[in-house]
Amino acid sequence: TAEIRSEHPLGRAILAHARNQGLSVCEPDTFSYTPGRGISAVLDGSTVLIGNQAWMVDNTITVPEAALANSESGAGSEVFVARNGELLGTISVADKIRPES
């Protein structure tokens, strides 16, 4: 739901996956986007942050070393997700390499 207004390709991929899984997606109460960092949305009274590590740091979200190790593996992009000041986890997004690349 937090990604519904996102125009970022990663946000669109997350939203498409959620819909493919049959998850319900609705409009957030509020939505704001900080370029190069992430989004903030209020959903049913909870503040949800989705974005990169810098966005979490900007919002004083503690990111454990294990989550940082995953994001630095180079296997794709890690999107961090937090709710009400607490990191919930990460979403890994990777694109398949096309044969003609």
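Which residue in β5 stands opposite E78? That spot is taken by S92. Let's take a look around the rest of the chain.

## What you're looking at

This is a predicted model, in which local features need pLDDT of at least 70 and side-chain atom pairs count only at pLDDT 80 or more, while totals for chains, interfaces and linings use all residues. Residues are numbered from 1 along each chain as its sequence is written, and side-chain values use heavy atoms, with hydrogens and water left out.

The chain has three helices and five strands. Here helices (H or I, at least four residues) and strands (E, at least two) are DSSP runs, numbered from the N terminus.

The chain is 101 residues long, and 31% of them are buried. Buried means under 20% relative accessible area, exposed means over 50%, and partly exposed is in between (1.4 Å probe, protein chains only). What about contacts, meaning heavy atoms within 4.5 Å? Take the contacts with a separation of 6 or more: 36% of them involve residues 24 or more positions apart.

## Strands side by side

Two strands pair if DSSP finds at least two bridges between them. β3 and β4 do this in the antiparallel sense, over four bridges. β4 and β5 also run antiparallel, joined by seven bridges. F80 in β4 is a handy landmark: G51 stands opposite F80, and in β5 the bridge partner of F80 is T90. β4 is also mostly covered, with five of its seven residues buried.

β4 and β5 form a hairpin with two residues between them. N84 is found in the loop between these strands, and N84 has a positive phi of about 50 degrees although it is not a glycine. D44 has a positive phi of about 50 degrees too, and again it is not a glycine. You'll find D44 in the loop between β2 and β3. Is D44 buried or exposed? D44 counts as exposed because its relative accessibility is 76%.

## The nonpolar cores

A nonpolar core is a set of buried Ala, Val, Leu, Ile, Met, Phe, Trp, Tyr and Cys residues joined through side-chain atoms within 4.5 Å. The largest one has ten residues: A2, I14, I39, A41, L43, V48, I50, V79, V81 and V93. β2, β3 and β4 each give two or more residues to this core, and β2 has the largest share, with three.

A2 is worth a click. Leaving out residues up to four places away in sequence, A2 touches F31, I39, A41, L43, V48 and I50. There is also a second, separate core of eight residues, including L49, W55, V63 and F80.

## A look at A54

A54 is found in helix α2 (residues 53-58). A54 counts as partly exposed because its relative accessibility is 27%. Along the chain A54 and F80 are 26 residues apart, and their C-alpha atoms are separated by 9.8 Å.

## Two pockets

Rolling a probe the size of a water molecule over the atoms shows where empty space is left. On a 1 Å grid over the protein atoms alone, a pocket is an open set of points where a 1.4 Å probe fits, with protein on both sides within 12 Å along at least five of seven lines; lining residues have an atom within 4 Å of a point. Grid points are joined across faces, edges and corners, and a volume is the space filled by probe spheres set on the points.

How much space lies in the largest pocket? About 370 Å³. It has 19 lining residues, and T1, I14, A18, L23 and I91 are the closest to its centre. α1 (9-20) supplies the largest share of this lining, five residues, while β3 (46-51) and β5 (86-93) each supply at least two. The lining divides into 13 nonpolar, five polar and one charged. For this sorting, Ala, Val, Leu, Ile, Met, Phe, Trp, Tyr, Cys and Pro count as nonpolar, Asp, Glu, Lys and Arg as charged, and the others, Gly among them, as polar.

The second largest pocket holds about 320 Å³ of space. Of the 21 residues that line this pocket, H8, Y33, R37, G38 and G51 are the closest to its centre. The lining of the second largest pocket divides into seven nonpolar, nine polar and five charged residues.

Notes
Contact = heavy atoms within 4.5 Å.
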